[in-house]
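Dear colleague,

I am passing on a structure that you have not worked with before. Please look it over first, and then read the notes below it.

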Amino acid sequence: MTATVNRNAGDLVIALSKGRILEDALPLMTRIGIEPLDDPAKSRKLVLDTSREDVKLLVIRATDVPTYVEYGAADLGVAGKDVLMEYEGHDYYEPLDLGIARCRLMVAGLPGQDFSRRRPRIATKYARTARDYFESLGMQAEIIKLYGSMELAPLVGLADRIVDLVDTGNTLKANGLVAMETICEISSRLIVNKAAMKTKHARVSEIIGALREVVEQPA
Ligand code: AMP
């Protein structure tokens with residue numbers, strides 16, 4: 001059987017990050033008149049049709065969103081600032097802070113644990129951002145790249161500290177960790193492929209404008 005992709009060259013493709021960001025991004029999309037026809041939480045489709053015939057949604061891993069947008073596989077994308085700071089390339093526009101999925105990128109660890117060793121070990125998914133942060137403090141940290149459950153690392157002696165996203169602080173608390181320093185405030189951003197900004201200018205700028213209006217007037 002031939003796989004069919006429900007996508008035409010003239011479509012406007014928007015890549016959304018799975019998970020927390022999706023929960024906050026879908027209501028914004030609805031408010032600008034773009035609603036997926038299938039429930040993204042249930043559908044197995046990778047390209048979702050929407051209430052606007054010319055607009056398709058991709059629901060993908062957060063870390064893949066900037067890649068899809070940079071290479072033009074998606075015209076627009078919604079991704080967390082944490083993911084964008086960590087992404088190596090930066091060849092896309094970032095016209096709008098959507099103000100959703102807000103949290104903080106923080107340094108955390110066990111209370112009272114010594115941090116005086118010359119080369120502290122930092123476990124994180126955000127290797128690049130963490131390295132830059134500790135360098136800015138004049139510290140040569142050893143960065144240990146993990147892909148999840150960072151909170152475990154200090155508990156089992158894998159690292160002295162972690163760098164992770166903190167929202168309510170409940171995950172840290174549940175594991176006996178405390179937040180120590182804020183690296184930066186995080187929210188989700190709209191990003192745009194550079195070529196699409198030219199070739200699909202009217203529709204892309206209409207979406208940026210509509211989202212800007214919605215973001216400036218909370219529901
Ligand atoms: P919390 O317990 O509310 O502080 O949430 C912390 C957990 O949720 C950590 O595992 C974080 O990586 C994750 N998290 C918190 N906020 C976000 C966000 N805006 N986007 C993605 N993951 C998040």
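What follows is an account of the overall build and then of the charged side chains.

Please keep in mind that this is a predicted model. The secondary structure of the protein consists of eight helices and eleven strands, and the C-alpha trace spans about 60 × 45 × 35 Å along its principal axes. Of the 219 residues, 45% are buried, while the protein exposes about 11,700 Å², of which carbon and sulfur atoms supply 50%.

As to charge, there are 29 positive and 31 negative side chains, and the centres of these two sets lie 3 Å apart. The count of salt bridges comes to 14. One of them joins Glu 88 and Arg 128, at 3.4 Å from N to O; because Glu 88 lies in the loop between helix H3 and strand S5 and Arg 128 in helix H4, the pair ties together parts that are 40 residues apart in sequence. Another is formed by Lys 194 and Asp 91, at 2.9 Å from N to O, and since Lys 194 belongs to helix H7 and Asp 91 to the loop between H3 and S5, this pair ties together parts that are 103 residues apart in sequence. Arg 52, Asp 54, Arg 203 and Glu 206, in turn, are linked in a network of salt bridges.

On the surface, Lys 18, Arg 61, Lys 125 and Lys 145 gather in a patch of positive charge.

Methods
Residues are numbered from 1 along each chain as its sequence is written. This is a predicted model: local features need pLDDT of at least 70, side-chain atom pairs count only at pLDDT 80 or more; totals for chains, interfaces and linings use all residues. Side-chain values use heavy atoms; hydrogens and water are left out. Patches are made of residues with over 30% relative accessible area and no salt bridge: like charges are joined within 9 Å, nonpolar side chains (Val, Leu, Ile, Met, Phe, Trp, Tyr) within 5 Å. Accessible areas come from the Shrake-Rupley method with a 1.4 Å probe; for residues, only the protein chains shown count as cover. A salt bridge is a side-chain nitrogen of Lys or Arg within 4 Å of a carboxyl oxygen of Asp or Glu. Lys and Arg count as positive and Asp and Glu as negative; His and the chain ends are not counted. The place of a charge is taken as NZ of Lys, CZ of Arg, CG of Asp or CD of Glu. Helices (H or I, at least four residues) and strands (E, at least two) are DSSP runs, numbered from the N terminus. Buried means under 20% relative accessible area, exposed over 50%, partly exposed in between (1.4 Å probe, protein chains only).
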